[in-house]
Every structure is written in C-alpha cells, then in structure tokens.
Amino acid sequence: MTPAFEKLQQQLKQLPGLGYRSAERIALHLLVEKPAQLTALVSALEAAARSVRRCERCGNLAEGDVCGICADERRDRSVVCVVEHVPDLVALERSGAYRGSYHVLHGKLSPIHGVGPDQLNLAALQARLAAGEVAELILALSNDVEGEATCHYLTEQLPPAQAVKVTRIGFGLPSGGGVLYADSVTLKSALDGRRSYS
Amino acid sequence: MRLRTLTLRHFRNVAFARLDFVGRRQFFVGQNGQGKTNLLEAAGYLTAARSFRTAESATLLMHDQTTAAVACTLEHARLGETQVTIKVHRHSKELWCDQTRVTRLADYLGKFPTVVFSSQDLQLVRGAPAGRRRWLDLTLAAMDGSYLQALQTYTRALAERNALLKKGGAVAAQLEAFERVLAPAAVELIARRISGLQSIGAGMAAGYQKLCDGTEPAALVYAPDFAQPDQEALLARWAAGRARDLALRSTHTGPHRDDFALKVSGQEAKDFGSEGQQRSVVLALRLAQAAWFHAKSGVRPVLLADDVLGELDPGRRRKFWATIDPESQVLATGTALPDAELGTWEIFRVKEGDFQPEASA
Ligand SMILES: [Zn+2]
C-alpha cells in the first residue's frame with residue numbers, strides 16, 4: 001500500500017462502525033474499483049458540509065436557519081417531542097403518528113462520559129419554553145438510567161410559572177432500549193400511550 | 001435437577017473434559033491445584049452465568065484462548081431434559097438453552113439452581129461487608145430477574161452520581177436527577193432483601209439447630225444502611241447528604257452500604273464465635289440458600305461441595321450429610337476419598353485438568 005492510501009484508510013477507520021478491514025475495503029473500492037463514484041462522493045460531502053447544519057430552533061438537521069419540520073406551518077408547535085438524536089426523530093417521523101414539533105438534545109446526561117447540561121442542546125429548549133409557546137413536552141428519551149435521569153433533569157428545569165404538561169413515552173419500548181430500535185407500530189402505540197410525568 | 005453430562009472447554013486449566021454422571025453422588029479426588037474447584041465453578045456457572053470465585057470473566061479463559069465453554073445435559077423437574085450451553089468470551093457471554101439463544105439474562109435466571117459449599121465461605125462470617133453483599137446479590141438475583149434489573153439500574157445510576165461527585169461544582173440539579181433514578185431501584189432492592197433474608201434467615205436458624213443439636217440459637221439479622229423501602233425518605237436522605245458526599249467524592253448512603261449479621265446466642269459470630277461455630281453458621285447459611293432456591297424455583301438445586309468434608313470434624317461432617325436433602329445431586333471434591341459411611345460415589349481422579357472416571361467397584 002502507498003502512504004496516501006494508508007492515510008485515507010486511517011481517516012476512514014475513525015468513522016463510527018468502521019474497523020481496519022472495512023476501511024481498507026472502502027478505500028480500495030473508491031480508488032481502484034469504482035473511481036467514478038469518488039468524484040460524486042467528494043462533491044456530495046463538500047456540499048453537505050457547506051449547507052447542512054443544526055436547526056436553530058430544534059437541533060434537527062437543516063439547510064437554512066430552521067429545519068423542514070420547524071418551517072412547516074401545519075405542524076403543532078405547542079407540542080414538543082424531546083429526543084436524544086436525529087435518527088430517533090427520523091424513526092418517529094417514519095411512524096407517521098406525530099404532527100407536533102421536536103427538540104433534539106444530541107445526547108443525554110452521563111457524567112461518566114463527561115456529558116453534562118452544557119454538552120446538550122438545552123439552551124434552545126429553554127428559549128422555546130421561556131417564549132411560552134410550549135404547552136406539552138413529550139419525553140421520548142431511551143428508558144435506561146441516563147435517559148431517565150435526563151427526563152428528571154428536564155422536568156426540574158421547567159420554568160415554574162408555566163403550566164407545561166409533561167408526558168413520557170416508554171410503554172412498549174424494550175427496557176433499556178431507545179426510540180431508534182423500536183418499529184413503527186411500537187412507536188405509534190408508545191406515543192398514544194404516553195403517560196404524564198413529573 | 002440433576003446433571004447427566006457436564007462438558008468444559010478451555011475453562012481455566014481444563015482444555016477439554018466431558019463427564020457422564022449416572023447417579024446423584026459424584027466425587028472428584030486429587031491434589032490441590034489440579035482443577036477440582038474449576039469443575040465445580042463451571043457447574044455453578046449454570047445458575048446465573050456468574051462465577052462464585054471471580055467477577056472477571058477473562059480469568060475463566062484458559063491461557064491464550066478467547067472463548068471458554070460450559071455445557072450440560074440435565075434432568076429438570078419443570079423443563080424435562082434440557083441442554084444448557086454458556087460460552088464465555090473476554091468481554092461478553094452467550095447463553096443457549098435447548099439450541100435457542102437466550103438474549104436476556106433476566107429470562108434465564110431462576111431455572112438452574114446450584115449452591116456452592118466452599119472453604120472460602122468462612123469469609124461470609126469473618127470478612128468485610130462487600131463479600132456478604134456480593135453473596136446476597138448473587139443469591140437473590142439468581143432466582144429473580146427483576147432483582148437483577150433493579151441492581152443493574154442502581155449500580156449504573158450510583159456510578160453516574162459518583163462521577164458527578166468527583167467532578168464537583170454546581171451539580172445539585174444533576175445529582176437530584178440521578179437520585180430520582182436511584183430511588184425506585186433502591187426501594188426494590190431493600191424490599192426484596194428484607195423478604196429474602198427473612199426466609200433464608202429462618203432456614204439458617206433451623207439448619208443450625210440440626211447441625212448443633214439445638215444447643216444454642218443462631219440468627220441472621222439484616223443490617224440495612226437505611227431500612228425504609230420508601231422513595232421519598234430515600235430522596236430526602238440523599239439530598240441531605242449531598243454536601244458530605246461532595247466533600248468525600250462518593251455516595252455514603254444507600255443499599256450499596258447494606259450488610260447482614262450472623263449471630264449465635266445473640267452475639268455476632270464474627271467477633272465472638274469459635275471457629276467451629278463460624279463453620280456451622282456458614283454451612284447452615286448455605287443449606288438455607290439451597291432450601292430457598294428450591295422453594296423459589298420449584299427445582300431441587302445441585303449442591304457443589306468444595307472440600308468441605310476435609311475441614312469439618314467428624315461429628316459435624318456426619319450431621320452435615322444427614323441434614324442435606326437426600327434427593328439432591330451432590331458434586332463434591334476432596335484430596336482424599338470420602339469415608340465409607342457416606343455411601344457410594346462415582347469417583348473421578350483429577351490431575352492437571354484431566355478427569356478420569358474410576359471403574360465402579
Ligand atoms: Zn427544527
């Protein structure tokens with residue numbers, strides 16, 4: 001292998017889910033077997049890096065200041081479903097059961113892993129709450145220790161003056177599991193069966 | 001239940017062994033360090049995929065191996081003939097029950113009870129509270145998947161709270177968030193420890209009477225850090241302890257600080273018991289554990305007696321064998337063959353991880 005090839009392989013190996021072997025296979029594929037794909041991939045990466053960012057309002061992926069869901073007038077902004085990661089939002093959207101808006105925390109509290117409130121997308125949520133536009137908060141975080149603790153933390157941090165209804169989905173979710181690994185039917189019943197939380 | 005075959009592969013010093021058992025009494029004889037205890041450890045592993053000797057799976061693997069395996073065919077009062085295979089990898093385990101992979105340990109627990117009688121058991125009386133807590137958790141979790149889940153939740157939330165305490169600063173709101181996860185798990189642990197120790201304690205007191213001819217009463221007394229299985233009371237206690245915990249950088253109250261005392265004639269056997277009394281107390285505790293497993297699972301546990309014959313005086317030894325359930329299968333080890341008065345055994349000679357059945361007389 002050449003030095004440039006090895007450098008590419010090293011970079012690929014840093015990506016989540018890729019080991020040494022799969023990094024090597026991808027590098028060979030792009031450079032030797034299907035070099036035509038390479039140009040398309042590089043320009044797609046560059047374009048995405050230029051235009052994709054976090055939605056200012058909810059933390060979802062966006063190409064403008066706000067994401068497609070936040071820009072959609074038909075979505076109910078008074079209901080906010082709080083999720084850990086963007087793929088959780090995608091899974092809930094796929095279930096087709098939900099017409100409210102979202103808030104993506106980009107993680108959950110875990111002091112062991114050095115994740116505190118400052119590492120989460122909380123300031124934007126506080127701003128939405130302070131603006132008084134939120135009537136219901138649906139906590140769709142995983143039902144493991146860190147997900148539960150994050151739910152408790154969010155509930156404690158609510159502005160006391162406002163009556164925000166807080167609900168928790170979790171019924172039907174596998175214990176210790178998250179939104180991402182549940183199928184659409186389970187997610188729909190989990191949303192329908194959400195219970196009030198405090 | 002009764003083990004009919006037991007197979008070990010790359011388990012500690014045993015490269016491969018397949019043992020066939022005909023009856024209910026098997027005796028493994030050999031010098032120390034040859035692999036007798038390893039065999040009992042493997043049999044005990046069937047109960048909860050936990051070793052009675054170590055919490056480190058990696059130490060179960062034979063040198064230079066990445067996987068160890070324990071497999072058995074057993075007769076089971078509820079399940080009929082059943083095959084169980086456990087593969088132990090460096091950082092994970094695989095459980096198989098009749099060729100079906102078991103994905104949740106909680107679903108597996110409570111079916112295959114075994115109880116170990118070991119010379120190390122004396123530490124349950126003499127040693128630090130951590131050893132008694134480990135025994136208590138292993139015993140209760142072995143029969144009860146929801147105890148295991150509560151324990152895992154509690155342990156994880158406690159580790160998160162302790163990480164916050166080490167970080168320090170203005171973390172009160174985060175501490176409270178994790179305390180709210182700790183509280184329901186703690187309530188479950190305390191409630192189940194109260195009821196479990198009550199049953200096991202009653203069995204221990206009765207067993208001690210039989211072992212010692214009723215000369216003196218013995219008792220097991222739960223010594224919880226906090227006795228009330230009540231969420232609000234626990235939350236108040238953790239909240240009140242935050243300043244101290246922050247200064248000491250760890251959580252100083254909760255069921256992770258629980259203990260229990262073993263008493264003879266009202267006094268702690270740890271401080272006041274003779275060696276003979278201490279040995280009788282732990283034997284009675286193990287017998288009570290076996291009776292509790294039987295009651296909980298509906299299955300008679302397999303008894304694993306690791307050199308307990310050698311250490312008891314002849315009188316206690318006879319009473320011990322008279323006390324155990326005669327229907328139970330017993331796998332026993334020793335450096336010498338058992339006395340003829342203990343009946344007939346299937347004998348296996350153990351040498352350097354190899355097990356040779358002795359032709360029956
Ligand atoms: Zn948005």
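Some ground rules come before the tour. Residues are numbered from 1 along each chain as its sequence is written, while chains are lettered from A and ligands numbered from 1 in the order in which they are written. Since the model is predicted, local features need pLDDT of at least 70 and side-chain atom pairs count only at pLDDT 80 or more, but totals for chains, interfaces and linings use all residues.

**Confidence.** The model scores ipTM 0.86 and pTM 0.88. pLDDT is the predictor's confidence in each residue, from 0 to 100. For chain B its mean is 93, and 99% of the residues reach 70 or more.

**Chain B as a whole.** You'll find twelve helices and 15 strands here; helices (H or I, at least four residues) and strands (E, at least two) are DSSP runs, numbered from the N terminus. The C-alpha atoms of chain B fill a box of roughly 75 × 50 × 35 Å along the principal axes. A compact globule of 361 residues would have a radius of gyration near 21 Å, so the 22 Å of chain B agrees with that. The radius is taken over C-alpha atoms, and the globule rule is 2.2 Å times the number of residues to the power 0.38.

How much of chain B is buried? Buried residues make up 42% of its 361 residues, where buried takes 20 or more other C-beta atoms within 10 Å of a residue's own, with C-beta atoms placed from the backbone.

**A closer look at E12(B).** Strand E12 of chain B covers residues 302-306, and five of its five residues are buried. In a regular strand the side chains alternate between the two faces of the sheet. Here, Val302(B), Leu304(B) and Asp306(B) are on one side, with Leu303(B) and Ala305(B) on the other.

| Partner of E12(B) | Bridges | Direction |
|---|---|---|
| E8(B), residues 114-118 | five | parallel |
| E13(B), residues 330-334 | four | parallel |

Phe117(B) stands opposite Ala305(B), and Leu303(B) stands opposite Val330(B) in E13(B).

**Where the chains meet.** The contact takes 13 residues from chain A and 15 residues from chain B; two residues are in contact if their C-beta atoms, placed from the backbone, lie within 7 Å.

Technical notes
Buried ≥ 20, exposed ≤ 12 C-beta atoms within 10 Å, placed from the backbone. Pairing = 2+ DSSP bridges.
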